[in-house]
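Below is a brisk report on one structure.

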Number of protein chains: 2
Amino acid sequence: MKKIYIYDTTLRDGAQTEGIAFSCQDKINIAKKLDEFGVDFIEGGWPYSNPKDQELFNYFKKNPLKKSKLVPFGSTAHPANHASADKNLISLVNCDTEYVTIFGKSWDLHVQEVLKISLDDNLKIISDSVQFLAKQGKRVFFDAEHFFDGYKANPEYALKAITVALEAGAQLVVFCDTNGGTLPYEVEKISARIKQKISLKEFGMHCHNDCGLAVANSIINVGSGCIHIQGTINGYGERCGNTDLTTVMGILQFKMGYDVVSGVRMRELIHLSRYVSEVSNMVHRDNYPFVGKSAFAHKAGIHIDAVIKNETAYEHMDPSLTGNKRRFVTSELAGKSTLVVKAKELDFDLDKKSDQAKDLHKLIQKLENEGYQFEAAEGSFKLLLQRELKKHKKFFDLIGFRVSVEKREDNKLISEAAVKLRINGKLEQTASEGDGPINALDNALRKALTKFYPALSKMRLTDFKVRVLDEKGGTAAKVRVLIESQDKDDDWSTIGVSENVIEASWQALADSVEYKLLKDEKK
Amino acid sequence: MKKIYIYDTTLRDGAQTEGIAFSCQDKINIAKKLDEFGVDFIEGGWPYSNPKDQELFNYFKKNPLKKSKLVPFGSTAHPANHASADKNLISLVNCDTEYVTIFGKSWDLHVQEVLKISLDDNLKIISDSVQFLAKQGKRVFFDAEHFFDGYKANPEYALKAITVALEAGAQLVVFCDTNGGTLPYEVEKISARIKQKISLKEFGMHCHNDCGLAVANSIINVGSGCIHIQGTINGYGERCGNTDLTTVMGILQFKMGYDVVSGVRMRELIHLSRYVSEVSNMVHRDNYPFVGKSAFAHKAGIHIDAVIKNETAYEHMDPSLTGNKRRFVTSELAGKSTLVVKAKELDFDLDKKSDQAKDLHKLIQKLENEGYQFEAAEGSFKLLLQRELKKHKKFFDLIGFRVSVEKREDNKLISEAAVKLRINGKLEQTASEGDGPINALDNALRKALTKFYPALSKMRLTDFKVRVLDEKGGTAAKVRVLIESQDKDDDWSTIGVSENVIEASWQALADSVEYKLLKDEKK
């Protein structure tokens, strides 16, 4: 089976999405996830233009990726510099990677009006830049920026730009539809001409989605020269985004029979997509091809009837191949087997056909409809199972809390919380201040409990996430709070959902503490 | 200029979107909007299967559309019925429209496993159904459901299905990729074969987006037989949605030079798209091609510099052609040029080399380091510029607020907020409850201000996002709150950052209200 190389630029072009601002740690986490999944290339960033990206390359020098090749990105040398003295090129070399990518101009308009240099000078810059990197032992991907617009405006020049890059030692040229305005039949026709004129056998594609055609443009030459596709997870990117690699990988692997990553790993596609959307703090769109929650959801009655008779009636593929699942929107049916498996993981023997299993299943569906997402909150899920299976011991009861935030005339903010708990039959009432209302509540809860359970002083919260569900609800929208906690042996995650951010946080905090107490008791 | 007919099925197939539930009035409103815009055909619904849709057809009998043709949708006759006695077909006739659409089976699998009748019987049903409608004087569109899957499985049979429909008097056959799993090259190849085999000159396309290819598949045969494209506004539809007509119309009119609706009306495309998303209660996606808020938004510094030199550098077309506009998104990656442009938008001439520009740039970098992210908060950014450039008028001063959340013994949650403001020299003190502390604060603020500024009752919050920065800070971590607001003309976004979620929300709320007041004053 022929291999198509997947080149991910979520960390560089994806970071250009309006609304996305990755920290260096976010980028490192995403890179690790991509590596685990097994994409071929990960463009880590533009080290010269962004100090955060430099940090990332330094990190991976010490902690190399397992499968994917990390690639730094940069431009051709600045017109004022000799390639060998260009800081941008030198920073690429210093990343100590096998591959580097540079982009260069192939549209005469850009050369003359943006770079404001002569057409010949630009060709020399391309050539010198590639040559310099190749001489340093790098394999060079040359991104021909605006290649299709360039070819339409001045075909000879666009052709020259890639020819000099190849002659200078570029491993592969990548045709970029930078403005996203090229149509599939144009991509096909232009690529065919190029291949013929310079007997080019292989090339890459880098498309933007300004006409909703990035995926189509990216796959149209697969089978006739395109062996490398650049894009981002979930199609993140400036303006209308880049090619959605999630979709492209689904099509290549399951519709066209190419080898992207092994079928088994493709079952993780939905997790990769959701993970990246979580870290990006972007809503995971229900209608994403292959990985959206609605991608295999049937709502029309006649569709549901037909799918029950034969799934292929209204499904273009088996949803589980990308980790997705069939859903009937009006009447939820699926899921009990999963529940049995999960209970087993937590040492509960649950009979799939028992009333207990049915009730639990119903309860979880109800909670998930309300916005709980147990996939990301195993701690809360375990507590839920224990409560429902009557195997739960309570460590404390909440009688009430009160949280207040006051902004005074002197601009000072005061956050206070008071909690009233019953612990081992005793009433315990405490109050505490904090950095914000949730921290105050957290402090008050621990203050009350640590007296009785000193081990709580050994755990700490390591992550706190708030997600607004149903964002259209404005300030009355429901929120989901996810908390991660840690002690020296374990970490665990807990969840709370409410229209009230304080209440949602309380649920997650209380679960986190209970989980720790339970865990310690079992030892 | 050759005409391509646009057939909108937002009201029928679009209504199958998970999360969309149109009332009859919603459908009537959308139909009127589509008529005003000037699409050729509006599929109003399936009157036989849905009583709501019957109401809609009754309404438009009395209040006919001006430009668009209203079309009812139904199936071929039920196998048990003679066509002339089939209630579903009769209900179509009774809609008193010039055109009707029926779908029929063209995939042998569906005939045998879903309808459970013989292949010949299905052909007879198609023929009888079309003939019956044609004899009643209707122009009939025949949607060949699953046409491509059917052709792949049994080409002769799929061909027969459309042949009998045409022979029975169908005006046009529409090739449906019902499951959305067909690739562009397959659509092209299969359509070419059909045309040749039965000398078909014209046909329509109806695609689904399960592989992200609905738009590409819909336009691929334009120019070689396809004269009619079915789809929905914003691509709504079951699973991954239908062909996005918003995108298709943009491509046909501006990229391919076809006649869709006159150029002047195309400037309303963004309003149509936003209107439908509002009525559908779906978030209007920032990255929609042609009509998304980010579709012509530039974030990368080098892109912004280039676009200032020549717009076409990073824009595939003039944004105003679809009613959209160019935006420069502020971010740590963007430079001083952006600031100058933004100041210009506020009628302030900022010299890029002045101390004022340098100070502003430093301030913004400082705020962005603290977690402010102005790219997603243009409203707050504009207010900031005005404050710094000393062009700001205050509409109110905050003296203080107090927010509290109490969870009582009966498990009841009470959220209350009190605010103290100075407005036009007067002290105003109010309090309100709410669904959660932030909603309570929002309510109290508006209650205090609406007395003085009644226009505030015309704005609403449409989006509320919370992002925890530095998540490792646990419950004491900083949070960033983003709020989007809307009135009938505009939308704007504002931001707040603090370790205290209430304070961060306050900042964003206060900015949102100030922005609205300032905007109204300028008019």
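## A bridge between chains

A:Arg327 and B:Glu18 form a salt bridge, with their closest N and O atoms 2.5 Å apart. A:Arg327 sits in strand S10 (residues 327-328) of chain A and B:Glu18 in the loop between strand S1 (5-8) and helix H1 (24-37) of chain B, so the pair joins two chains. A salt bridge here is a side-chain nitrogen of Lys or Arg within 4 Å of a carboxyl oxygen of Asp or Glu. Helices (H or I, at least four residues) and strands (E, at least two) are DSSP runs, numbered from the N terminus.

The model is predicted: local features need pLDDT of at least 70, side-chain atom pairs count only at pLDDT 80 or more, and totals for chains, interfaces and linings use all residues. Residues are numbered from 1 along each chain as its sequence is written, chains are lettered from A and ligands numbered from 1 in the order in which they are written, and side-chain values use heavy atoms, with hydrogens and water left out.

## The interface

Chain B brings 110 residues to the contact and chain A brings 107 residues. Contact means heavy atoms within 4.5 Å. About 9300 Å² is buried between chain B and chain A, and carbon and sulfur atoms give 53% of that area. Buried area is the accessible area (1.4 Å probe) that two parts lose on being put together, summed over both. In chain B, the residues that lose the most area to chain A are B:Glu18, B:Arg239 and B:Thr475. Together they account for 9% of what that side buries.

## Charged and polar pairs

Over all chains, the rule gives 50 salt bridges. Across the interface of chain B and chain A it finds six. A:Arg402 forms a salt bridge with B:Glu406, with the closest N and O atoms 3.6 Å apart. Side chains of opposite charge can pair when their charged atoms come close.

The interface of chain B and chain A also has 35 residue pairs in polar contact, both residues at pLDDT 80 or more. A polar contact is a pair of N or O atoms within 3.5 Å; within protein, one must be able to donate a hydrogen and the other to accept it, and residues adjacent in sequence count only if both atoms are side-chain atoms. Strand S11 (residues 397-407) of chain B gives the largest share of the side of chain B that touches chain A, ten residues. By class, that side has 49 nonpolar, 29 polar and 32 charged residues. Ala, Val, Leu, Ile, Met, Phe, Trp, Tyr, Cys and Pro count as nonpolar, Asp, Glu, Lys and Arg as charged, and the others, Gly among them, as polar.

## Strands across the boundary

Strand S11 (residues 397-407) of chain A pairs with S11(B) in the antiparallel sense, over seven bridges. Two strands pair if DSSP finds at least two bridges between them. A:Val405 has B:Val403 as its bridge partner in S11(B). A:Lys407 stands opposite B:Phe401.

Within chain A, S11(A) runs antiparallel to strand S12 (residues 413-423), joined by ten bridges. A:Arg402 stands opposite A:Ala418 in S12(A). The hairpin of S11(A) and S12(A) has five residues between the strands, and A:Asn411 takes a positive phi near 75°.

## The barrels

In chain A, S1-S2-S3-S4-S5-S6-S7-S8 form a closed barrel of eight strands with parallel pairing. Strand S1 (residues 5-8) and strand S2 (residues 41-45) of chain A pair over two bridges. A:Tyr7 stands opposite A:Phe41 in S2(A).

Chain B has a closed barrel of eight strands, S1-S2-S3-S4-S5-S6-S7-S8, with parallel pairing. Strand S2 (residues 41-45) and strand S3 (residues 69-75) of chain B pair in the parallel sense over four bridges. B:Lys69 in S3(B) is the bridge partner of B:Phe41.
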